[in-house]
Amino acid sequence: MALNSLKNLLLITTIFLSAISFAQEKQKITIEYAGIATSDPEIEDGAFVFLRDESQQVHFVHKGVNLWCDKAVYYQDQDYIEAFSNVNMQQGDSITMIAKYVDYSGKTEIAVAKGDVVLTEPNSVLTTDKLYFDRTRQLAYYDTSGKVVRDSSGTITSQIGRYYMNAKKYQFTKDVVLVNPDYTLNTERLDFFPDNGHAYLFGPSTIVGEESNIYTERGFYDTKANTGYFQRNAKIDYDNRTIEGDSIYFDRNRSFASATNNITVTDTINNSIVRGHYAEVWRDKDSVFITKRALAITVQEKDSVYLHADTLMVTGKEDNRITRAYYNAKLYKSDLAGKADSIHVNHKTGLTELINLSRFSSTDAFATARKPVLWNIGNQMTGDTIHLISNVETEKLDSLKVFNNAFLVSKDTISEDGYNQIKGQQLIGLFRDNELYNVDIIKNAETIRYMRNETNELIGIQKSKSGSINIQIVEQAIEEVRFINQIDGNIFPEPDFPRNARRLRGFDWRGEERPNSVEDLFNDDPPLVLPKISGLDEYVPPEDFVDDSVVERVEEAGKATPNKPNKAAQNLPKEEGEKEGDSKENEPKKERITTQPKVDWEPKNKPAEVSEEKKKLKASGGL
């Protein structure tokens with residue numbers, strides 16, 4: 001026993017002296033402590049086996065890294081360690097890695113850990129089955145699936161992962177899933193910064209929560225603040241609304257989203273669509289604000305209704321929704337069109353209000369241009385305010401009301417400048433199959449009408465006044481006019497009717513303003529200038545763990561022992577995406593590192609000390 005102890009002491013002393021002799025040229029791995037040490041030529045010439053004792057583990061130090069284990073094989077000539085059982089590797093005060101096995105090259109400063117690997121840093125814990133660690137680049141890498149746990153952000157799993165220690169950044173690729181109590185994120189690549197909780201998404205990505213679903217192909221998410229910014233086919237499903245746009249901002253805590261450029265907000269319950277180039281959506285308030293060529297579309301089975309204005313607001317729950325359009329609002333469907341300063345639509349009652357600009361005088365040119373006007377087939381109706389009522393079940397027009405200064409005008413079908421005109425205090429109209437068939441002019445009614453016979457020959461021009469007027473319309477033409485409490489009236493031959501008397505006071509034909517298509521709604525809009533979307537960098541492919549610098553270091557490490565397998569080259573990862581058995585026949589071969597088969601270090605004839613210690617380790621599951 002005394003002889004063995006002396007032998008171990010001499011062996012450790014020799015190793016220490018050897019390490020010191022190379023320290024000034026290149027800092028080699030230092031053995032701080034070993035309970036039992038022996039050489040074993042059956043493993044390899046120049047290799048030493050170290051075992052722990054009852055007091056503590058084997059301890060190595062190299063350039064600020066401490067490594068503890070129950071057993072180690074140290075290849076002195078290659079400055080290479082294979083560490084077994086309860087391996088603990090620490091870098092500074094913040095990075096710790098534990099595993100069942102670690103091999104480490106003092107020349108390349110690359111470690112490979114296997115078996116229940118756990119990497120701990122201040123803000124997260126990474127677990128995987130195999131981990132590669134390049135100390136020179138401060139890069140940890142796995143390609144056998146891994147998991148990162150962070151208290152505030154949740155758990156992240158992926159097939160491939162990298163941790164850049166200097167930048168304090170994780171990069172996950174392939175089947176990436178982040179599970180948080182409030183949502184689950186799936187993506188193809190996730191760059192994650194554990195210190196501030198910032199996450200960058202690349203490729204098709206979804207964020208599914210209890211109240212919202214998000215899709216994007218390029219995005220950013222702040223896992224601490226619960227806010228996000230998304231681009232490229234970005235879409236948010238918000239209860240009964242879907243928001244799409246070139247870029248979308250999302251605030252989960254406020255249930256708020258805003259979007260910029262080429263926006264579409266779809267209401268799946270009320271079959272309506274809102275478009276524009278800037279929008280805000282408040283989920284809890286059930287409201288949408290949209291501007292920049294805003295357009296609301298109420299989708300109907302046969303004939304959709306289009307509403308355009310500078311700004312649109314949609315508020316209220318799905319069973320009591322209201323749309324407000326203001327500043328140069330316009331309405332269009334195939335058989336109906338309208339204009340007003342503001343248009344208010346109650347989807348529950350079917351009431352559409354065209355509202356005047358009361359803050360301007362009646363002579364103001366701006367107010368005149370915004371005065372409510374409604375066109376149905378060949379009829380133009382104007383007034384201070386117009387109400388249009390629809391049947392919410394059949395989606396057909398039911399009636400209309402014009403309040404104050406009501407005016408009904410239709411162009412005479414033959415004469416160049418003749419107009420049938422009826423005016424009064426109020427107008428009430430009734431629709432059948434979306435066509436106006438009955439009109440009542442109430443109070444102070446006046447009319448000018450071009451009378452024609454069955455062959456459309458002009459009989460004369462009728463001018464009359466009465467208390468009220470009832471008009472019957474058939475096939476878009478006035479069929480019958482009834483005067484109630486008539487004051488006066490006469491029919492004049494055309495030559496005897498003065499031209500300056502052929503217009504009632506307040507006459508304003510605005511047929512040239514009528515939109516005849518959806519595109520016409522935008523005719524007098526100012527030029528559209530959209531902001532340039534920026535803020536998220538372009539996708540950069542992940543770097544290979546075995547890059548040119550690794551190749552150079554590994555090749556340099558093998559030069560000292562040209563007749564032996566290069567230990568530094570063993571166990572390095574394959575290229576990303578390449579798995580065992582993958583066919584590479586059609587791809588050019590890359591001349592990088594020749595990895596020699598791993599040398600079996602297990603000696604056939606074990607020294608008594610080693611053999612006895614191995615039995616203990618096997619019994620405890622360490623080997």
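Student: Which residue in β5 is the bridge partner of H62?

Tutor: Residues are numbered from 1 along each chain as its sequence is written. This is a predicted model, in which local features need pLDDT of at least 70, side-chain atom pairs count only at pLDDT 80 or more, and totals for chains, interfaces and linings use all residues; side-chain values use heavy atoms, with hydrogens and water left out. Strand β4 (residues 58-62) runs antiparallel to β5 and is joined to β5 by five bridges, where two strands pair if DSSP finds at least two bridges between them. In β5, the bridge partner of H62 is V65.

Student: Which residue of the hairpin of β4 and β5 takes a positive phi?

Tutor: Strands are DSSP runs of E of at least two residues, helices are runs of H or I of at least four, and both are numbered from the N terminus. The hairpin of β4 and β5 has two residues between the strands. The residue with a positive phi, near 50°, is K63.

Student: Which residue in β7 stands opposite V65?

Tutor: Strand β5 (residues 65-69) has V65, L67 and C69 on its covered face, with N66 and W68 on the uncovered one. Four bridges join β5 to β7 (residues 80-91), and this pair runs antiparallel. The residue of β7 that stands opposite V65 is Q91.

Student: Is Q421 buried or exposed?

Tutor: Q421 is part of strand β32 (residues 419-432). Residues in contact with Q421 (heavy atoms within 4.5 Å) include F407, V409, I448 and F507, leaving aside residues up to four places away in sequence. Buried means under 20% relative accessible area, exposed over 50% and partly exposed in between, with a 1.4 Å probe and protein chains only. Because its relative accessibility is 0%, Q421 counts as buried.

Student: Which residue has its backbone nitrogen 2.9 Å from a polar atom of the side chain of Q421?

Tutor: A polar contact is a pair of N or O atoms within 3.5 Å; within protein, one must be able to donate a hydrogen and the other to accept it, and residues adjacent in sequence count only if both atoms are side-chain atoms. Among the residues that Q421 touches are R502, R503 and L504. The backbone nitrogen at 2.9 Å belongs to L504.

Student: Which residue's side chain is joined to that of S415 by a polar contact of 2.7 Å?

Tutor: S415 sits in the loop between β31 (397-411) and β32, and counts as buried because its relative accessibility is 16%. A polar atom of the S415 side chain also lies 3.2 Å from the backbone nitrogen of G418. The side chain at 2.7 Å is that of D412.

Student: Within what arc do the buried residues of α3 fall?

Tutor: Helix α3 (residues 548-558) has V550, V551, R553, V554, A557 and G558 as its buried residues. They line one face of the helix, because, seen down its axis, they lie within a limited arc, taken from the directions from the helix axis to the C-beta atoms. That arc is 170°.

Student: Which exposed residues are carried by the face of α3 turned away from its buried side?

Tutor: The cover over the buried residues of α3 includes β9 (110-121) and β10 (124-134). The face turned away from that buried side carries the exposed residues D548 and E552.

Student: How many residues apart in sequence are the parts tied together by R137 and E543?

Tutor: A salt bridge is a side-chain nitrogen of Lys or Arg within 4 Å of a carboxyl oxygen of Asp or Glu. R137 meets E543 in such a pair at 2.8 Å, N to O. R137 lies in the loop between β10 and β11 (139-142) and E543 in the loop between β35 (477-492) and α3, so the separation of the parts in sequence is 406 residues.

Student: Which residues do salt bridges that share partners join into one network?

Tutor: The side chain of R137 also forms a salt bridge with D134, at 3.0 Å from N to O. R137 counts as buried because its relative accessibility is 18%, whereas E543, at 32%, is partly exposed. The one network consists of D134, R137, E543, D547 and R553.

Student: What percentage of the 623 residues is buried?

Tutor: The protein has four helices and 35 strands. Among contacts between residues at least 6 apart in sequence, 46% join residues at least 24 apart. The buried share of the 623 residues is 49%.
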